[in-house]
Amino acid sequence: MRIVAHIDMDAFFASVEERDNERFVGLPIVVGSDPEGGKGRGVVSTANYKAREYGIRSALPISKAWEYSENAKRAGKPPAIFLGVNMRLYSDVSSHIMEIVEQYSEEFEQASVDEMYFDLSHLGSFEEAERACKKLKKEIKDRERLSCSIGIGPNKLIAKIASDFQKPDGLTVVTNSEAEKFLEPLTIRKIPGIGPKTEEILNNKGINKVKDLKKFELGELKELLGKFGGDLYLKVRGIDNTEIVEEHEAKSIGEQETFMQNTLDANVITERLNHLCTTVFKRFAKSGFKYFRTISITVRFGDFETKSRAHTFSENVKELSVLEFESLKLLLPFFDARENPKRKAIRLVGVKVEKLS
Ligand SMILES: [Mg+2]
């Protein structure tokens with residue numbers, strides 16, 4: 001029996017910003033392009049749930065988001081906080097989450113910066129898969145202070161739709177025998193591949209729900225939508241045989257460690273840093289890559305503020321001693337005013353080698 005899970009972080013970019021900046025907690029946050037006082041021409045990447053209450057959501061023009069925020073302000077509510085997209089930070093957090101998910105499955109596919117598929121067939125039952133995913137959700141919340149939604153199904157299609165079913169912080173299990181019934185009442189837009197254009201074509205034919213689509217023969221759907229019509233015929237019946245595609249090409253190799261207790265003891269931290277370097281180097285040595293060019297470290301303080309610092313060499317390097325020396329050099333400013341003026345205790349340290357070749 002095949003069991004597939006899909007994990008989707010809740011309002012990911014905005015949640016990371018909220019987590020890392022105490023002053024944002026509980027406020028509407030909009031991550032995207034610069035609103036330029038309402039004249040900006042870009043779009044919203046992610047809005048947190050508070051901002052969604054104002055009508056702000058992904059892909060909305062940023063000028064509209066600004067307008068909605070101004071309206072809210074006039075109504076006496078807090079205006080939205082507009083932030084640029086800090087992709088480096090989000091992909092760092094994303095790789096931490098992947099490392100957690102990887103412990104639950106050997107077959108694993110990153111679908112986007114905040115979405116992953118992973119296979120749980122080895123657990124043997126949907127009950128066991130549900131138990132594992134509850135644990136996984138808790139682990140992500142404990143370690144990364146972020147919430148996610150997970151869907152479990154007999155294939156990627158159902159898992160993906162199920163993860164969206166009870167957002168945020170949801171866990172939805174749809175077994176093989178439930179899959180078709182689960183899909184029937186959903187609006188057609190919930191089926192991956194049906195975008196606004198296809199939706200309009202189908203709506204104009206009086207098709208709104210998945211169950212309406214099931215009245216059509218295979219040939220009719222193909223005539224209406226071409227090749228996609230054939231896929232759709234299977235999809236609305238809960239059938240999907242696409243495989244989990246593992247990405248074998250590691251772009252980076254990293255390890256991190258959360259301390260038992262937050263600390264600013266330089267001896268303790270540098271000792272753990274060296275240990276991390278050794279582990280990373282062992283994985284690098286086994287990876288088949290011969291060189292790296294970038295070394296980066298991550299430091300998370302007790303209040304979850306997270307900073308990454310990196311050094312890129314002009315030439316390829318390959319020595320453990322270089323990794324140790326350079327990561328220590330990157331770490332030292334965190335013990336003094338350069339990177340840590342408030343002398344905050346450190347919760348987590350990570351080391352990564354990148355630009356592998
Ligand atoms: Mg998401």
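# A walk through the fold

Among contacts in the protein chain between residues at least 6 apart in sequence, 63% join residues at least 24 apart; a contact here is a pair of residues whose C-beta atoms, placed from the backbone, lie within 7 Å. This is a predicted model, where local features need pLDDT of at least 70, side-chain atom pairs count only at pLDDT 80 or more, and totals for chains, interfaces and linings use all residues. Residues are numbered from 1 along each chain as its sequence is written.

Let's begin with the overall view. The C-alpha atoms of the protein chain fill a box of roughly 70 × 55 × 40 Å along the principal axes. The chain holds 13 helices and 12 strands, which are DSSP runs numbered from the N terminus (helices: H or I, at least four residues; strands: E, at least two). Its domain assignment gives domain 1 (4-10 + 87-179), domain 2 (14-83), domain 3 (184-235) and domain 4 (252-354), with bounds that come from an automatic or database assignment. The centres of domain 2 and domain 4, taken over C-alpha atoms, are 33 Å apart.

Now look for the open sheet whose 5 strands come in the order E5-E6-E1-E7-E8, with mixed pairing. Two strands pair if DSSP finds at least two bridges between them. At the edges are strand E5 (108-112) and strand E8 (171-173), each pairing on one side only. Strands E1 (residues 4-9) and E7 (residues 148-153) pair in the antiparallel sense over 6 bridges, and His 6 stands opposite Gly 151 in E7.

Helices lie against these strands. Helix H5 (residues 126-144) lies across E1, E7 and E8 and runs at about 165° to E7. Helix H6 (residues 156-163) packs on the sheet as well, touching E1, strand E6 (115-119), E7 and E8, and its direction makes about 145° with that of E7. For these angles, axes are lines fitted to C-alpha atoms, for helices over the stretch in contact, and the angles run from 0 to 180 degrees between N-to-C directions.

What lies inside? Of the 357 residues of the protein chain, 36% count as buried. A residue is buried if 20 or more other C-beta atoms lie within 10 Å of its own, exposed if 12 or fewer, and partly exposed in between, with C-beta atoms placed from the backbone. The largest nonpolar core has 63 residues, and Ala 5, Val 30, Ile 56, Ala 65, Ala 80 and Ile 152 touch the most other members. Such a core is a set of buried Ala, Val, Leu, Ile, Met, Phe, Trp, Tyr and Cys residues joined through C-beta atoms within 7 Å. A second, separate core of 22 residues includes Leu 273, Leu 276, Cys 277 and Ile 297. Leaving aside neighbours within four places in sequence, the contacts of Ile 152 include Ile 3, Ala 5, Phe 126 and Val 173.

Finally, visit a few loops. In the loop between H6 and E8 you will find Pro 168; the peptide bond from Lys 167 to Pro 168 is cis, with omega near -10°. Ala 11, in the loop between E1 and helix H1 (12-20), has a positive phi of about 40° although it is not a glycine. Ala 11 counts as buried because it has 25 C-beta neighbours inside 10 Å. Phe 304 sits in the loop between strand E10 (292-301) and strand E11 (306-317), and its phi is also positive, near 80°. Phe 304 has 16 C-beta neighbours inside 10 Å, so it counts as partly exposed.

Methods:
Two residues are in contact if their C-beta atoms, placed from the backbone, lie within 7 Å.
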